[in-house]
Amino acid sequence: FLLLGITDAPWAQAPLFWLFLLVYIVTLAGNIGLMFLVWVAPNLHTPMYFFLTHFSLADVCYSTVISPKMLTGLLFGNKTISWAGCVAQFHLFAFFVTAECYLLASMAYDRHVAICHPLRYVKVVSPRACWQLVAWSYLVASISALIYTSLMFGGSFCGPRHVDHFFCDVSPVLRLACSDTRGREVTIFALATANGLGTSVVILLSYGRILHTVLGMRSAPSRARAFHTCASHLLSVSVFYRTLFFMYLQPASRHSSRDKVASVFYTVVSLMLNPFIYSLRNKEVRAALGKCRRRMLNR
């Protein structure tokens, strides 16, 4: 296949390369740094940050699946990708995107139990339960990615194999298939809807219960503390799901050149923003970061 990339304008290749290289470096540094901070800071050894480390790990892997190939194309103009490479790229992309949906739902459930049932929190969200939720997220993601990939690459391709995108995504690749793809598109759409809407419903129900509980609190400081606890997670959820729904929960006929812009946002930009959303808006992370900084300076 030949990935046509973000743009074919020669003058834009170098600026875009340096911009996306910077974004990729910041993404890796931010997410790996956040994982390291959770690992070394005892006050962050809680279920919420356990889920967050897996979410950051998915972000690192997710960006590494997309960005290096895109950067190579921008710098050297080598935009070809083998059939096996295209299959592997899409499979890993689908796996990590689906895993992130379920990890976000697990984080919402954690916040729901912490605020609505604080006395039962330790028992309900136990270390075993955390591992089970993460394992379930990866299991469902593995099965979903396998189905997506087999549907996408199960047929034959013909004609000029020009993928009008910067990575192997569903709609651009299926346009190159020789046979009728409507059945496969409907199945992919149905599974994406089940994963996306299913996890978003869990998130909405969790935060609906949280809102009801918080509004019932008599103490204004308690309400503010509860809202602040959930603010970073809600911001990350809104950024992730808005672009994901725009891309995958619309009919194939409505896809256009704007898809590339949306794809850049959820495959590149949002992955860079996530660690800053969780660190800059979270007092616990800032406190742990301050302790680590002071510890390193005192050595």
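**Figure 1. Helices α2 and α5 cross in a right-handed sense.** This is a predicted model, where local features need pLDDT of at least 70, side-chain atom pairs count only at pLDDT 80 or more, and totals for chains, interfaces and linings use all residues. Residues are numbered from 1 along each chain as its sequence is written, and side-chain values use heavy atoms, leaving out hydrogens and water. A crossing is right-handed if the near helix is turned clockwise from the far one by less than a right angle, and left-handed if anticlockwise. Helix α2 covers residues 47–76, and helix α5 covers residues 127–153. Helices (H or I, at least four residues) and strands (E, at least two) are DSSP runs, numbered from the N terminus. The axes of α2 and α5 come within 10 Å and cross at roughly 25 degrees. Axes are lines fitted to C-alpha atoms, for helices over the stretch in contact; angles run from 0 to 180 degrees between N-to-C directions. α2 and α5 are therefore roughly parallel to each other. Angles under 35 degrees count as roughly parallel, over 145 as roughly antiparallel, 65 to 115 as roughly perpendicular and the rest as oblique.

**Figure 2. Residues where α2 meets α5.** On the α2 side are P47, F50, F51, H54 and L57. They meet C130, W131, L133, V134 and Y138 of α5. Contact means heavy atoms within 4.5 Å. By class, this contact of α2 with α5 has 9 nonpolar residues, 1 polar and no charged. Ala, Val, Leu, Ile, Met, Phe, Trp, Tyr, Cys and Pro count as nonpolar; Asp, Glu, Lys and Arg as charged; the others, Gly among them, as polar.

**Figure 3. S106, a buried residue of α3.** Helix α3 runs over residues 83–116 and holds S106. The relative accessible area of S106 is 5%, so S106 is buried. Buried means under 20% relative accessible area, exposed over 50%, partly exposed in between (1.4 Å probe, protein chains only). Beyond its neighbours within four places in sequence, S106 is in contact with F51, L133 and S137. F51 also belongs to the α2 side of the contact with α5, and L133 to the α5 side.

**Figure 4. α3 against α5.** The two helices pack at an angle of about 145 degrees, with their axes 8 Å apart. Their crossing is right-handed. The residues of this contact divide into 21 nonpolar, 7 polar and no charged.

**Figure 5. α3 against α7.** Helix α7 spans residues 182–215. α3 and α7 pack at an angle of about 15 degrees, and their axes are 9 Å apart. That makes α3 roughly parallel to α7. α3 passes α7 in a left-handed crossing. Among the α3 residues in this contact are C101, L104, A105 and A108. The α7 side includes T199, V202, I203 and S206. By class, the contact has 13 nonpolar, 6 polar and 2 charged residues.

**Figure 6. C292 in α10.** Helix α10 covers residues 283–297. C292 counts as buried, at 12% relative accessibility. Not counting residues up to four places away in sequence, C292 touches L37 and V40. C292 and V40 are 252 residues apart in sequence, yet 8.3 Å apart in space, C-alpha to C-alpha.

Figure 7. Of the 299 residues, 50% count as buried.
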